[in-house]
Amino acid sequence: MKKITVIGAGLVGATSVYSLMLREIADEIALVDVDDKRANAEVWDIRHGFPELSKTIVKKGTYADCQDSDVIVITAGVARKVGESRNDLLLKNSKIMESICTEIKNTGTNAIVIVVSNPVDVLANHVAKFLQMPKGRVFGTGCTLDTSRMVALLADKLNKPTSAIIAPVVGEHGDEQIVLWDEVTVDGKHVDFSPAEKQEFAEAVKKAGMTIIEGKGKTYYGIATTVCALATAVLLDRPAKYAVSVPDENSDKALSMVCTIAGQGIVETFPYK
C-alpha cells in the first residue's frame, strides 16, 4: 500500500491533498494539523467529492501516520503576505519546523520528505540536518515551481505548448534565482533571446508569486501540482528531472539544482555552471 502524509492543513496542504487524491498515485493520504477542526473540515470536503473520480482514501491523520508513509510532505507554517519576502518568514517557520521534525523523528520513519514551507531553501536544509536521513531522502520543492512558471511564460510568449519547452530555473526560490538560459530549448532547439528579453522573463518569474498574492491573497494551485509531480516521481519510481532544493551539510541553506527524482529521492544531481 502506498501512503502519503501531508503536514499542514492550510490552503497549500489541503490543495496538495486534493491534487494528490485526483492523481491516484497513493492508496491513502493522511492530513495532519495542530488544528483538528480545520483538518477534519478539509478532509470531509475532499471526501465529499464525486467518488468515481478517485479510489484514494483521504483521512485526518496524526504524526503516527508518518511511520508507514512512503512520502511526507511538509506544508505547515506562516504564509507570505503582500510586501513580505520568503525570508521574512524564517524565524516563525523555523520554530514550527523544529516541532514537526521532532514528531517525525520519533516515528522512526524512512519516508522521503518533501519540504514546501517557506523559506524553502533554508527550511529544507534544517529538516535534513534534524532528521539525519540518508542523503537524498529529504529535499525542498525549491525552484521546481519557478521552472514551471518560466515554462508557462515562454509558452505564452512563443505560442507553443508547455510540453515543447525546457527552461530550468535554479539557485534560490526567491530573488536570487537564476535562469539557465544555455539550457533553454523550444522543440528541442536552443533559442536566442536578447538581454532585455532575458531580464524581462527572469523578473516576471521572480515576481510571479507576489503578483498572485496581490491579486488573490494566496498561492496554492501551482505549488500543489509541484508536490504532485515530485510525489509521482517518488511513489511510482518514475525518474524525472526537477530543480529541487538540495540540502548541504556544510551550509545553512539548500540550493536548488536540477536533479533526477525517483523512488529513493534525489538519485542524480546535474551541477550546471
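Student: Which is E24: buried, exposed or partly exposed?
Tutor: This is a predicted model, in which local features need pLDDT of at least 70, side-chain atom pairs count only at pLDDT 80 or more, and totals for chains, interfaces and linings use all residues. Residues are numbered from 1 along each chain as its sequence is written, and side-chain values use heavy atoms, with hydrogens and water left out. Buried means under 20% relative accessible area, exposed means over 50%, and partly exposed lies in between, for a 1.4 Å probe and protein chains only. The relative accessibility of E24 is 39%, so it counts as partly exposed.

Student: What is the phi of E24?
Tutor: E24 sits in the loop between α1 and β2 (28-32); helices (H or I, at least four residues) and strands (E, at least two) are DSSP runs, numbered from the N terminus. Most residues other than glycine have a negative phi. E24 is not a glycine, yet its phi is positive, at about 60°.

Student: Which residue in the loop between α5 and β7 can I look at next?
Tutor: Look for a positive phi, near 55°, in a residue other than glycine: N159. At 71% relative accessibility, this residue counts as exposed. The name to find in the loop between α5 and β7 is N159.

Student: Which peptide bond is cis?
Tutor: Go to the loop between β5 (112-115) and α4 (120-131), where P119 is found. Most peptide bonds are trans. Here omega is near 0°, and the cis bond runs from N118 to P119.

Student: How many helices and strands does the protein have, and what is its radius of gyration?
Tutor: There are seven helices and 14 strands. The radius of gyration is taken over C-alpha atoms, and the globule rule is 2.2 Å times the number of residues to the power 0.38. For 273 residues that rule gives 19 Å, and the protein comes close to it, so it is as compact as a globular protein of that length, with a radius of gyration of 18 Å.

Student: What share of the 273 residues is buried?
Tutor: For a sense of scale, the C-alpha trace spans about 55 × 45 × 40 Å along its principal axes. Of the 273 residues in the protein, the buried ones make up 50%.

Student: What volume does the largest pocket have?
Tutor: Rolling a probe the size of a water molecule over the atoms shows where empty space is left. On a 1 Å grid over the protein atoms alone, a pocket is an open set of points where a 1.4 Å probe fits, with protein on both sides within 12 Å along at least five of seven lines, and lining residues have an atom within 4 Å of a point. Grid points are joined across faces, edges and corners, and a volume is the space filled by probe spheres set on the points. For the largest pocket this comes to about 720 Å³.

Student: Which residues lie nearest the centre of the largest pocket?
Tutor: The elements that give two or more residues to its lining are α1 (11-23), α3 (90-107), α5 (144-158) and α6 (195-216). The lining divides into 17 nonpolar, 12 polar and seven charged residues, where Ala, Val, Leu, Ile, Met, Phe, Trp, Tyr, Cys and Pro count as nonpolar, Asp, Glu, Lys and Arg as charged, and the others, Gly among them, as polar. Out of 36 lining residues, those nearest the centre are V12, T75, G77, V78 and A79.

Student: What is the volume of the second largest pocket?
Tutor: Its lining has 21 residues, with T147, I166, A167, K241 and Y242 closest to the centre. They divide into 10 nonpolar, nine polar and two charged residues. The volume of the second largest pocket is about 510 Å³.

Student: Which residues form one aromatic cluster?
Tutor: Rings of Phe, Tyr and Trp (its six-membered ring) pair if their centres lie within 6.5 Å; planes under 30 degrees apart count as stacked, over 60 as edge-to-face and the rest as tilted. W181 and F201 make a tilted pair, 6.5 Å centre to centre with 45° between the planes. F193 and F201 have ring centres 5.7 Å apart and planes at 75°, so that pair is edge-to-face. The cluster is made up of W181, F193 and F201.
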